[in-house]
Amino acid sequence: MKEINSEIPLADVSHIILDEVHERHLYTDILLGVIKTLILPKRPDLKVIVTSATINTESFINYFDNCKVLEFNEKMFPVNVVNANNERYFML
């Protein structure tokens, strides 16, 4: 909080990366609010990168005042679920 309340918050930082934002934790929500209301007004040059596989893009565009968005729609690969209770998957 001391760094955020300084005259130029996060002066040595050029980018903030927030990963897996779609998981929606209280801490993530607070961090997004702090970035928007306390940091960005003093640091318009700061780049905030928000990543998510399933994010609601429109809500973030609106929240961050029509921010730029890059979307990467890549091929999805199947996920194999393995039951860890099966002895052959345990490594000793």
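Me: Leu 31 has a relative accessible area of 37%; is this residue buried, exposed or partly exposed?
Reply: In this predicted model, Leu 31 has a relative accessible area of 37%. Buried would need a value under 20% and exposed a value over 50%, so at 37% Leu 31 counts as partly exposed.

Me: In which helix does Leu 31 lie, and what distance separates its C-alpha atom from that of Leu 18?
Reply: Leu 31 is part of helix H1. Along the chain, Leu 31 and Leu 18 are 13 residues apart, and the separation of their C-alpha atoms is 9.2 Å.

Me: What span should the 14 residues of helix H1 have, and how far apart are its end C-alpha atoms?
Reply: Helix H1 covers residues 26-39, and at 1.5 Å a residue its 14 residues should span 20 Å.

Me: Which residues of H1 are buried, and what do they pack against?
Reply: The buried residues of H1 are Thr 28, Leu 32, Gly 33, Val 34, Ile 35 and Ile 39. These buried residues of the helix pack against three named elements, namely E1, strand E2 (47-50) and H2.

Me: Where is Arg 43 found, and is it buried or exposed?
Reply: Arg 43 belongs to the loop between H1 and E2. Its relative accessibility is 4%, and because buried means under 20%, Arg 43 counts as buried.

Me: Which residues is Arg 43 in contact with, leaving aside its neighbours within four places in sequence, and which backbone oxygen does its side chain reach?
Reply: With those neighbours left aside, the contacts of Arg 43 are Ile 8, Pro 9, Leu 10, Ala 11, Val 13 and Ser 14. The side chain of Arg 43 reaches a backbone oxygen at 2.5 Å, and that oxygen belongs to Leu 10.

Me: How many salt bridges does the structure hold, and which residue forms a salt bridge with Arg 43?
Reply: The structure holds one salt bridge. Side chains of opposite charge can pair when their charged atoms come close. Here the closest N and O atoms are 2.9 Å apart, which meets the limit of within 4 Å, so the salt bridge joins Arg 43 to Asp 45.

Me: Is Asp 45 buried, exposed or partly exposed?
Reply: Arg 43, the partner of Asp 45 in the salt bridge, counts as buried at 4% relative accessibility. Asp 45 has a relative accessible area of 47%, which lies between the limits of 20% and 50%, so Asp 45 is partly exposed.

Me: Which two residues form an aromatic pair, and what is its geometry?
Reply: The count comes to one aromatic pair. Tyr 63 and Phe 64 form this pair, with 5.1 Å from centre to centre and 90° between the planes; an angle over 60 degrees counts as edge-to-face, so the geometry is edge-to-face.

Me: Which element has the lowest mean pLDDT, and which the highest?
Reply: For the protein the mean pLDDT is 82, and 84% of its residues reach 70 or more. Among its elements, the lowest mean, 87, belongs to helix H2 (residues 57-63), and the highest, 91, to strand E1 (residues 15-18).

Definitions and conventions:
Residues are numbered from 1 along each chain as its sequence is written. This is a predicted model: local features need pLDDT of at least 70, side-chain atom pairs count only at pLDDT 80 or more; totals for chains, interfaces and linings use all residues. Side-chain values use heavy atoms; hydrogens and water are left out. A salt bridge is a side-chain nitrogen of Lys or Arg within 4 Å of a carboxyl oxygen of Asp or Glu. Buried means under 20% relative accessible area, exposed over 50%, partly exposed in between (1.4 Å probe, protein chains only). pLDDT is the predictor's confidence in each residue, from 0 to 100. Helices (H or I, at least four residues) and strands (E, at least two) are DSSP runs, numbered from the N terminus. The expected span of a helix is 1.5 Å times one less than its number of residues. Contact means heavy atoms within 4.5 Å. A polar contact is a pair of N or O atoms within 3.5 Å; within protein, one must be able to donate a hydrogen and the other to accept it, and residues adjacent in sequence count only if both atoms are side-chain atoms. Rings of Phe, Tyr and Trp (its six-membered ring) pair if their centres lie within 6.5 Å; planes under 30 degrees apart count as stacked, over 60 as edge-to-face and the rest as tilted.
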